[in-house]
Amino acid sequence: MAELAVVSAFLVGLLGGVHCAAMCGGIVGAISFRGSTVAVHRTPPRTAHSMHHLAYSAGRIGSYTIAGMIAGGIGSGSLLFDDLFPVRTVLYLLASLMLMAQGLYLAGVWHGVATLERAGSKLWIHIKPWSRRLLPVDSAAKAAALGALWGWLPCAMVYSVLTVAVASGHPLSGALTMLAFGLGTLPNLLAMGLAAERMRPLLKNVRLRRVAGAVVVSFGAIGLVRAGQPVHDHGAALSLHESHDHGRTGH
């Protein structure tokens, strides 16, 4: 499940380019505009432009990783009650259902998962004023700080993968899951920042969105199948144990 979670998280980020463009497009555009006009001593403007985008993404992915670590820690704590209640199985089921919901959202079929963004807006209200203080983005340090703040922007796709991080049941696994997700978003946002006009038609392609959504839904479906395996294996082990005891006692 851990390997599937990391791979799924990476591909969700990679295939969710349309959603990333919608959520981060404005700030990436601001970095692009400022990067093309600011005078940078001893550094070619194009190089400075690229450095700003890389710094922004580094800060954003750093926040995702921290959030994943926290989520994995929460999952780890909940597993203490696994003997009383099948917590791990429930977490796997929830994570798989969230992946399927995210896939339907990416495909434009169902937008129910977007309600999570409204739930997260309460936190963003307190963070957003700090992001305004970093504008205009005229240095890599500012871009990194802005990315770190923007990583907490209410986003249904992030929340979906965070559910997977919780199900990982360990802070390190949760951090790796969100790191993989962040790295998956990197190509789209860098391409959008450095070649925004060329990327826009591709990101709006309906067929591409549907294929991306179908792939993510398939990951969720695989997760649902695997979520039942611990219960099945436990039941098989229990039956084997009972059979062994029955043969030993002769009853």
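Which residues make a nonpolar surface patch of about 530 Å²? Val6, Phe10, Leu14, Leu172, Leu176, Leu179 and Leu183 do. Keep in mind that this is a predicted model, where local features need pLDDT of at least 70, side-chain atom pairs count only at pLDDT 80 or more, and totals for chains, interfaces and linings use all residues. Residues are numbered from 1 along each chain as its sequence is written, and side-chain values use heavy atoms, with hydrogens and water left out.

**The nonpolar patch**
- Helix 1 (2-15) and helix 8 are the elements that give two or more residues to the patch; helices here are DSSP runs (H or I, at least four residues), numbered from the N terminus.
- Helix 8 puts in the largest share, 4 residues.
- Patch members have over 30% relative accessible area and no salt bridge, and nonpolar side chains are joined within 5 Å. A salt bridge would be a side-chain nitrogen of Lys or Arg within 4 Å of a carboxyl oxygen of Asp or Glu.
- The areas come from the Shrake-Rupley method with a 1.4 Å probe, and for residues only the protein chains shown count as cover.
- Val6 sits in helix 1 and is partly exposed, at a relative accessible area of 30%; buried is under 20%, exposed is over 50%, and partly exposed is in between.

**Aromatic pairs**
- Rings of Phe, Tyr and Trp (its six-membered ring) pair if their centres lie within 6.5 Å, with planes under 30 degrees apart called stacked, over 60 edge-to-face and the rest tilted. That rule gives 2 aromatic pairs.
- Tyr64 and Phe181 have ring centres 5.4 Å apart and planes at 55°, so they make a tilted pair.
- Tyr64 belongs to helix 3 (residues 45-78) and Phe181 to helix 8 (residues 171-194), so this pair ties together parts 117 residues apart in sequence. Tyr64 and Phe181 are both buried.
- For Trp124 and Trp150, the centres are 5.1 Å apart and the planes are at 90°, so that pair is edge-to-face.
- Trp124 is in helix 5 (residues 115-132) and Trp150 in helix 6 (residues 140-150), so the pair links parts 26 residues apart in sequence. Trp124 and Trp150 are buried as well.

**A charge over a ring**
- Arg133 lies over the face of Trp130, 4.4 Å from the ring centre. The test asks for NZ of Lys or CZ of Arg within 6 Å of the ring centre and within 35 degrees of the ring normal.

**Around Thr163**
- Thr163 is part of helix 7 (residues 156-168) and is buried, with a relative accessible area of 13%.
- Leaving aside residues up to four places away in sequence, Thr163 touches Leu94, Ala95 and Met98 (contact means heavy atoms within 4.5 Å).

Notes. Buried < 20%, exposed > 50% of the residue type's maximum accessible area, 1.4 Å probe, protein only. Patch = residues over 30% accessible without salt bridge, like charges linked within 9 Å, V, L, I, M, F, W, Y side chains within 5 Å.
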